[in-house]
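Here is a short report on one protein model.

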Amino acid sequence: MKIPCSMVRDLLPLYAEEMTEEETRALVDEHLEECSECSKRLEEIRAAAAVPAENTAVDTAKPLLALKKTINKRRRITAAIAALCVFILLFSAFHRINEWHQVPWEEGLIQVIGIEKMADVEKRNSPFPEEEEAIRLPDESMGLTIQFDSKISGIHSTMEKNENGTTEIIQGWSSNPNKKLTGDYSECTINPVPDRLLYDTGNGQILLWGEPADGSVVIMPRLALASYAILACCLASLSALLWFLFRNKKDAFIFRQIFFAPASYLAGHLLIKGFHARTFFLEDDLGNILLVGAAVYALLTLGWTAWQQRKRDKGTEPLQN
């Protein structure tokens with residue numbers, strides 16, 4: 001039984017979806033074998049039906065991929081925040097625990113050996129004293145040899161020249177200034193030989209060698225960190241004001257990041273030095289403050305990003321810059 005093309009074309013959508021009865025399907029198959037136009041029409045229907053299916057799969061996958069990307073980003077930010085917090089706390093605690101302090105003076109802390117030839121000192125301290133040829137100095141220079149107890153971890157010295165001659169002032173430093181004398185001495189030589197040698201206790205000087213001079217020479221701690229902290233306070237105040245005034249502007253994030261910089265420096269200062277700014281080791285303390293400050297800056301930036309992302313997810317307000 002032959003059926004017209006018009007009836008077949010009406011049945012083709014159902015035929016393509018396999019929703020026809022067997023008898024109807026057999027008739028359509030018989031017609032398609034003889035009619036190329038209807039066969040072409042069937043291919044077009046099947047091709048048109050396949051395109052929406054592919055688009056639907058892609059459209060369905062896009063939200064899932066976006067969600068996965070957001071979750072991974074949030075995990076990375078959380079991990080970075082946790083790592084920065086651990087670094088800041090551990091580094092600050094280690095620095096405060098091992099911070100060097102002046103060693104108070106007590107008898108037996110430092111002993112003055114006297115003036116010696118530098119060649120003799122080098123030979124005595126050489127790991128191969130029997131090999132005299134290993135010690136070769138260009139002249140007969142002299143030095144003042146002192147020995148200090150191992151309670152002192154390091155010696156800081158400065159030289160002052162005035163009408164009274166040359167004065168060498170030394171300080172003993174240790175991370176544990178309350179440690180008892182051990183009786184185990186290390187040696188150092190001061191060259192050239194000063195007219196007098198003083199030990200600075202922080203509250204005064206002890207004459208270790210030479211003739212006393214008129215007046216006194218006092219080592220004062222450097223206060224540059226206080227100037228930097230005041231400057232950071234001023235910058236933080238100004239940038240915070242600008243951030244508030246331009247908070248609804250497109251470029252408000254610039255003032256926010258500028259504010260984070262001096263605020264991070266102040267946080268680093270508090271973590272490293274506490275509420276004082278005195279230092280005898282300006283370069284070391286400033287370097288540690290800047291290192292911790294950089295970590296705090298990164299922490300503030302990541303924390304702000306995570307907070308804004310959370311607000312956007314909750315839908316309370318749109319994400320800001």
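## Helix α7

The buried residues of α7 (282-314) include L282, D285, N288, I289, V292, G293, W304 and K311. Buried means under 20% relative accessible area, exposed over 50%, with partly exposed in between (1.4 Å probe, protein chains only). Helices are DSSP runs of H or I, at least four residues, numbered from the N terminus.

α7 has 33 residues. From first C-alpha to last it reaches 47 Å, close to the expected 48 Å. That expected span is 1.5 Å times one less than the number of residues.

## Basis of the model

This is a predicted model: local features need pLDDT of at least 70, side-chain atom pairs count only at pLDDT 80 or more, and totals for chains, interfaces and linings use all residues. Residues are numbered from 1 along each chain as its sequence is written, and side-chain values use heavy atoms, leaving out hydrogens and water.

## The largest core

The largest nonpolar core has 13 residues. Such a core is a set of buried Ala, Val, Leu, Ile, Met, Phe, Trp, Tyr and Cys residues joined through side-chain atoms within 4.5 Å. I88, L225, Y265, I272, I289 and V292 have the most contacts inside it. α3 (36-97), α5, α6 (252-273) and α7 each supply at least two residues of this core. α7 gives the most, with 5 residues.

## Helix α2

Helix α2 (residues 22-34) has 13 residues and reaches 19 Å from first C-alpha to last, close to the 18 Å expected. Its buried residues are V28, H31 and L32. They lie on the same side of α2, because they cover an arc of only 100° around the axis. The arc is taken from the directions from the helix axis to the C-beta atoms. On the other side of α2, E22, E23, E33 and E34 are exposed.
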